[in-house]
Amino acid sequence: MNRSVWIFITIILFVIAGCDPEHELTKSIFIPDPHNPELPLYTEWGYNTFGAYYERAAFTSNDGDVPAKFIVQNGSTLFILEGDKTAGQYQHIRLDFILPTINPETYADLVALHQTLFDLTDITVFITIDDQTFPAEIIEGNLQFVRAQHLIVDKKPMEVILSGVFNLKFMVDEIPITISEGRFDVGINNDNFFEL
Amino acid sequence: MFRLYLTVALASPFLNPSASAQELRYLQMETGYTIFSAEMTDDENFRAEEYDYLDGLRLRSNYDVTFASAKIEVFSPNDKWGFSAGVRYSQMTGRVSNHATLFASEEFFFYRFREDGTTTEYLTIEKIRQRTTYLGIPLEVRLYPFQKRRFNLYFKAGGDINFKIRSATEIHFHDPLMRQYEDELAEDFNSPDDVNATLHVAVGFTVGKSGKPKFGFEIPAPAIYLNPDAGGIVRPEAGSGFVVFLSIPLNRITNE
């Protein structure tokens, strides 16, 4: 086959891939919050975004990294939010919340998080800024899963949508840092749920 | 108010204020098409991207009207004014679809169909089309500033009132197996009003001798819907189109 035929086939496959509902659900849709336009609006649609103010700069999900992951390992459940702080000094930031009391076997079990509030002073939180990871010395804060939903698309189970809010104050090198106005709306399926 | 409109509309072509035998009367058969930009009337259950700096979802919505009318036009004794009324059959179509491009965008959007506790169901939809048929009464007045020319420019102001005959909502599902939910889903969408009314102005021209059959063409300025939710799933905003018509004289004048 000549080269133009291969190019044509590639384009067709690309278009077909773009028409898959599962693929569409993994995209991030950033809808600005009218009151805080640098942050995504709090939604419950599975838009795969999160955002918060890291001190005064917005720290949000990006189009390159998977915004949220769940990792279950050795009886611990890790909820990860990963994104960028672009205002001021650029920093890649990751928040790892180690959630007690839930031991999901599949992503579908995460719906048990519906209307669950975690006091972050009671759980372990790791913060990674660029390549440095350290346990956060939490002064105060909470993580609330406001809504968890099984999402069925065209009668087929697709993912669990987790929507919620968070805020925390913690110490870094004896300097207090505030993460405020945090909100997330993420879809979790087999691609970002790991049982190790 | 409506009865008054109806009475005036139906009687106006036959009124004869000057009692003169010189007035021209035409049977006018016209057809036209108008397309409107439109916004969705209720986007609460639609999952789609939003415009960055505009309100609203990044979905394509529009509204168009195709119509055919039969009217009687009666001219004033000086031939400057033409008053017309008649009946109009129109089909109005509201559409919502996704912005599909060749490479990136999806050709469907998600619609939240059901919610029950911690379970939410979406359906993937490619297009929603709501077609409504109306029977209406147009009432119009034309000003012909240049008299008795073969090519005659005119300005028109008018309105119409339309009564719904039937309405149907077609839903094109991305997964054909979901067609079984079409009727149930169609009930979720706003239905067009049973009665709607519009006001409009237009500019046009006729070609043909006075008192002989004439051909006409006009461009209407954006019509104003007096009931903004007339469109059902979409709210028509600004729009324009064209009208073509044939006028056949019903009487002969004696002074030509």
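Which residue's side chain meets that of Lys155(A) in a salt bridge?

Tutor: That partner is Glu121(B), and the N to O distance is 2.6 Å. A salt bridge here is a side-chain nitrogen of Lys or Arg within 4 Å of a carboxyl oxygen of Asp or Glu.

Some ground rules come before the rest. This is a predicted model, where local features need pLDDT of at least 70, side-chain atom pairs count only at pLDDT 80 or more, and totals for chains, interfaces and linings use all residues. Residues are numbered from 1 along each chain as its sequence is written, chains are lettered from A and ligands numbered from 1 in the order in which they are written, and side-chain values use heavy atoms, with hydrogens and water left out.

Stay with Glu121(B). Arg114(B) also forms a salt bridge with Glu121(B), with 3.9 Å between the closest N and O atoms. Glu121(B) counts as buried because its relative accessible area is 14%. Buried means under 20% relative accessible area, exposed means over 50%, and partly exposed lies in between, with a 1.4 Å probe and protein chains only. Arg114(B) has 30%, so it is partly exposed.

Now widen the view to the interface. The bridge from Lys155(A) to Glu121(B) joins chain A to chain B. Contact takes in 29 residues of chain A and 29 residues of chain B; the word means heavy atoms within 4.5 Å. Together the chains bury about 2500 Å², and 56% of that is on carbon and sulfur atoms. Buried area is the accessible area (1.4 Å probe) that two parts lose on being put together, summed over both.

Asp154(A) sits in the loop between β9 and β10 of chain A. Its phi is positive, about 50°, although it is not a glycine. Asp154(A) is buried, because its relative accessible area is 4%. Gln115(A) has 61% relative accessibility, so it counts as exposed.

Back to chain B and its other salt bridges. Arg129(B) and Glu170(B) meet through their side chains at 2.9 Å, N to O. They sit 41 residues apart: Arg129(B) in strand β6 (residues 119–143) and Glu170(B) in strand β7 (residues 151–173), so distant parts of the chain are linked. Strands (E, at least two residues) and helices (H or I, at least four) are DSSP runs, numbered from the N terminus. Arg129(B) is buried at 16%, while Glu170(B) is partly exposed at 25%. Strand β7 has another such partner. Lys164(B), in that strand, pairs with Asp194(B), in the loop between α2 (182–186) and β8, 30 residues apart. Their closest N and O atoms are 3.1 Å apart. Asp194(B) is exposed at 52%, and Lys164(B) is partly exposed at 25%. Salt bridges with shared partners also join a network of residues, including Glu30(B), Lys71(B), Arg88(B) and Asp160(B). Over all chains, the structure holds 24 salt bridges.

What does chain B look like as a whole? It has two helices and 11 strands. Of its 256 residues, 46% are buried. Among its contacts between residues at least 6 apart in sequence, 74% join residues at least 24 apart.

Last, the nonpolar interior. In soluble globular proteins, nonpolar side chains tend to be buried together. A nonpolar core is a set of buried Ala, Val, Leu, Ile, Met, Phe, Trp, Tyr and Cys residues joined through side-chain atoms within 4.5 Å. The largest one here has 42 residues, and Phe97(A), Leu99(A) and Leu162(A) touch the most other members. Strand β10(A) gives this core its largest share, six residues. Phe97(A) reaches well along the sequence: beyond its neighbours within four places, its contacts include Thr77(A), Leu120(A), Leu143(A) and Phe166(A). A separate core has 37 residues, among them Leu24(B), Met40(B), Ile128(B) and Phe173(B).
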